[in-house]
Structures are given as structure tokens and as C-alpha cells.
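User: Please take me through this model by question and answer, giving the cut-offs behind each term as it comes up.

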Amino acid sequence: MSVGIWGIGSYVPENRVTNDDLAQRMDTSDEWIKSRTGIEARHLADDSEATSDLAYMAALRALENAQIDAQEIDLILVATVTPDQPFPTVANALQHRLGATKAASMDVSAACAGFMYAVITGSQFVQTEVYKHVLVIGVEKLSKIIDWEDRTTAVLFGDGAGAVVLGPVAEGRGILSFELGSDGSGGKYLSQQGAHLQMNGREVFKFAVRQMGESAVNVLKKAGLTKEDVDFLIPHQANIRIMEAARERLQLPEEKMSKTIHMYGNTSAASIPLSLDYELQQGKVKDGDLLVMVGFGGGLTWGAIALRWGK
Ligand code: UT7
């Protein structure tokens, strides 16, 4: 059974914070942030909006876009490293709030690669025809674990959510191949110690540049395709320089890579579905297009998917 995306939705909190706004709070500048990362603004949730609230908004939009009822969902997977609390999970909260009466639910923790992990996990149940519809959400409220005294990380991240409904699709459509990987020896480079996120930016940068390109090439090979077949690259939005390296590895022109980092910053597990939803709304992704999605993050973790868009 082929598995694809029936519907998609996304959500960011209303409060938009520009680089200049941050420069008022800490020793940084729009010029530094823009030139080193590509980020111009990010959306940050306040105390009135929890991670599960962001996820709920994206999930409602995805269900509407997929034109299915919550009662038809068999499984809810939420990729996040910033859940409301350790347990019950964000997925459990959504099951109740959406009225997904027959759905099993759990969170998946694989940092910025979390959405790739959750989509592939969910897709196995559809592929084996155990379940028909799986709701997968990538969501983060990173603002609550950011150390606002640390300018080297505080300027990078944003809050948001993206959701997809997975279901059976026609042969040749949907997920054609995937790669997931991890290397725990790099765990020290990006982690949450105590209340705050900590990162060795240079080490993560080096790893990411290598891994994004490699994983993208690997999923194409696994699907029996080549660089020339790619219509659109949707990379994890962590740093424009990392994204550009992946694009160059695939020898794609600029207009074939999704770029939303300037608007949202790095939203971790939410960044790929947020970007895919944005490109669909812009009419950039069309029926039959070959998409390569690729992510990496703390763990270290990584994942890539080659997907033929459409049902
Ligand atoms: O989702 C996965 C998560 N993370 C990533 O993908 C991050 C990967 N890494 C990166 O994106 C980059 O390494 C950063 C954007 C984090 C940093 O860029 P960089 O070009 O590696 O800069 P750097 O760390 O080498 O810092 C260069 C300078 C330093 O000053 P000195 O030592 O040269 O005097 C920093 O103190 O820039 C300084 N700096 C800042 N200046 C203004 C660091 N942060 C800031 C800041 N504003 N916010």
C-alpha cells in the first residue's frame, strides 16, 4: 500500500518578533543575524499559548484540508521536544480535544528531525493496512527553553506547528523512499540541560552540511531517481547557509528550494511541515511533483523522505 499526504495545515503564534526587536533586548544586530543565518523574524508564543494549542490549530487545518473527521483518525503522532509537560503527551491532549475517539496517541522525540521520524513511523501502519489515517504533527514552543541571556542561541529559534494527515494513495504517489539515522556520540552538541537549550553551533553546522546533502542523495538513490528528477527540496530551516549547501549538492536552482527561515526562524520539528504548507499555498508544489524533505537535529538525528505529491 502506498502512503501519502491527504491534507496539511500549519500555524504560528501571532506575535512576530524581528531581529531589531531582539537587538533591543541583547547585544546583537539585524545585520549579524540575517547574514549568518538568513533569519529576519520569528513568531513567539506567550504564556497563554501552550505547545498543544499550537498543535491543535495546525491539526484542525490539516483535517479540514484532508476533508476527514477527527473520528476517522487511527493514530496521532506528535513530534516535539517542547511538550506541555513530560506526560501526559501533547498527542494525548489532542486526541481528547479533537474528539479523535478511536485514535491511539503518543509523542515522538527526535528533535529537529522529529517530523521525519514521525511521518515514517506513522506511514508504516498505513502501509501494512493496520491503520488508514494517521495525523502527524511537528510542533515546538522553543521560546520556553531558550536562554534569553545567550545571544548565540536566542536569535535562532521560533515557535510554530505543522500537521499532515497520512493515508493510502495511488501506486507511484506518496512516500517513495526514506532514510532515518542517529549518532548519539554527538548528543553533547545540542541538548537541553536543566531549563535551557544549549548548542555548539559550529559542530552542529559541520554535521548538518554533510548530512543534509548525503541524506537527500541517499533517498533519491533508494527510489531509483536522480537529482534531475527533483522538483522541490524542503530542507529543515536551521540556517540558510546549511540549506544552500544541500541545494548545491543536488544542483538545484534557487527557486526549487523552500525558504521560510526568514519568516519563522528555526522551528525545529515544525519547520518542514510549515514550509511545505507555505509552498503549497504559494502554488509552488503541484500534483505529481517529486519532493525531497530532509531534516537533522539534536541527538544527533537525521531523516529524509522522497515523496511524489498527490493522492
Ligand atoms: O536545528 C538544528 C539546530 N542548529 C543549527 O543548525 C545551528 C548550526 N549552526 C549555525 O547555524 C551557526 O553555527 C550559528 C548561526 C549558530 C553561528 O554562526 P557562526 O558563523 O558559526 O558564528 P560563530 O559561532 O563562529 O560566531 C562568530 C562571532 C563570535 O564572535 P567572535 O568570537 O568572533 O568575536 C560570536 O560571539 O559572532 C558572535 N555572535 C554574535 N554576534 C552578534 C554569536 N552570536 C551572535 C549574535 N549577535 N546573536
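User: In which sense do β6 and β7 pair, and over how many bridges?
Analyst: This is a predicted model, in which local features need pLDDT of at least 70 and side-chain atom pairs count only at pLDDT 80 or more, while totals for chains, interfaces and linings use all residues. Residues are numbered from 1 along each chain as its sequence is written, and side-chain values use heavy atoms, with hydrogens and water left out. Strands (E, at least two residues) and helices (H or I, at least four) are DSSP runs numbered from the N terminus, and two strands pair if DSSP finds at least two bridges between them. In β7 the bridge partner of I137 is A163, and the pairing of β6 with β7 is antiparallel, over 8 bridges.

User: How many residues of β6 are buried?
Analyst: Buried means under 20% relative accessible area, with exposed over 50% and partly exposed in between (1.4 Å probe, protein chains only). In a regular strand the side chains alternate between the two faces of the sheet. Here V134, V136, G138 and E140 point one way from β6, while L135, I137, V139 and K141 point the other way, and all are buried. The strand is thus mostly covered, and the buried count for β6 is 8 of 8.

User: What is the order of strands in the open sheet of 5 strands, and what is the average twist from one strand to the next?
Analyst: The order is β1-β7-β6-β4-β5, and the pairing is mixed. Because β1 (2-11) and β5 (104-108) stand at the edges with a single partner strand each, one side of each is left without a neighbour in the sheet. Angles run from 0 to 180 degrees between N-to-C directions, and axes are lines fitted to C-alpha atoms, for helices over the stretch in contact. From one strand to the next, the twist averages 20°.

User: Which residue of β6 stands opposite A79?
Analyst: Strand β4 (residues 75-79) pairs with strand β6 (residues 134-141) in the parallel sense, over 5 bridges. Within β6, the residue opposite A79 is G138.

User: What angles do α3 and α10 make with β1?
Analyst: Contact means heavy atoms within 4.5 Å. Helix α3 (residues 51-66) packs on the sheet by touching β1, β6 and β7 (159-169), and its direction makes about 125° with that of β1. Helix α10 (residues 271-281) also packs on the sheet, touching β1 and β7, and for α10 the angle with β1 is about 90°.

User: Against which elements do the buried residues of α10 pack?
Analyst: In α10, 8 of the 11 residues are buried, so the helix is largely enclosed by the rest of the structure. The buried residues are S271, I272, P273, L274, S275, L276, D277 and E279. They pack against β1, α5, β7, β11 (232-235), α9 (261-264) and β12 (290-297).

User: How far is a polar atom of the T267 side chain from the backbone nitrogen of S271?
Analyst: T267 lies in the loop between α9 and α10, and it counts as buried because its relative accessibility is 0%. Leaving out residues up to four places away in sequence, T267 touches E140, L142, G158, D159, G160 and L274. A polar contact is a pair of N or O atoms within 3.5 Å; within protein, one must be able to donate a hydrogen and the other to accept it, and residues adjacent in sequence count only if both atoms are side-chain atoms. From the side chain of T267 to the backbone nitrogen of S271, the distance is 3.1 Å.

User: How far apart are the end C-alpha atoms of helix α5?
Analyst: α5 is mostly covered, with 10 of its 14 residues buried, among them F115, Y117 and V126. The expected span of a helix is 1.5 Å times one less than its number of residues. For the 14 residues of α5 (residues 114-127) this should give 20 Å, which agrees with the separation of the end C-alpha atoms, 20 Å.

User: Which residues come nearest to the ligand?
Analyst: A residue is near a molecule or strand if one of its heavy atoms lies within 4 Å of it. An oxygen atom of the ligand is 2.7 Å from an N or O atom in the side chain of N239, and the side chain of N266 likewise has an N or O atom 2.7 Å from a ligand oxygen. For R241, a polar side-chain atom lies 3.0 Å from an oxygen atom of the ligand. Of the 23 residues around the ligand, the nearest are T28, R202, H236, N239 and N266.

User: In β13, which residue is the bridge partner of S182?
Analyst: A second topic is the open sheet of 4 strands in the order β8-β13-β12-β11, with mixed pairing, whose edge strands, β8 (174-182) and β11, each pair on one side only. The twist in this sheet averages 10° from one strand to the next. β8 and strand β13 (residues 301-308) run antiparallel and are joined by 8 bridges, and in β13 the partner of S182 is T301.
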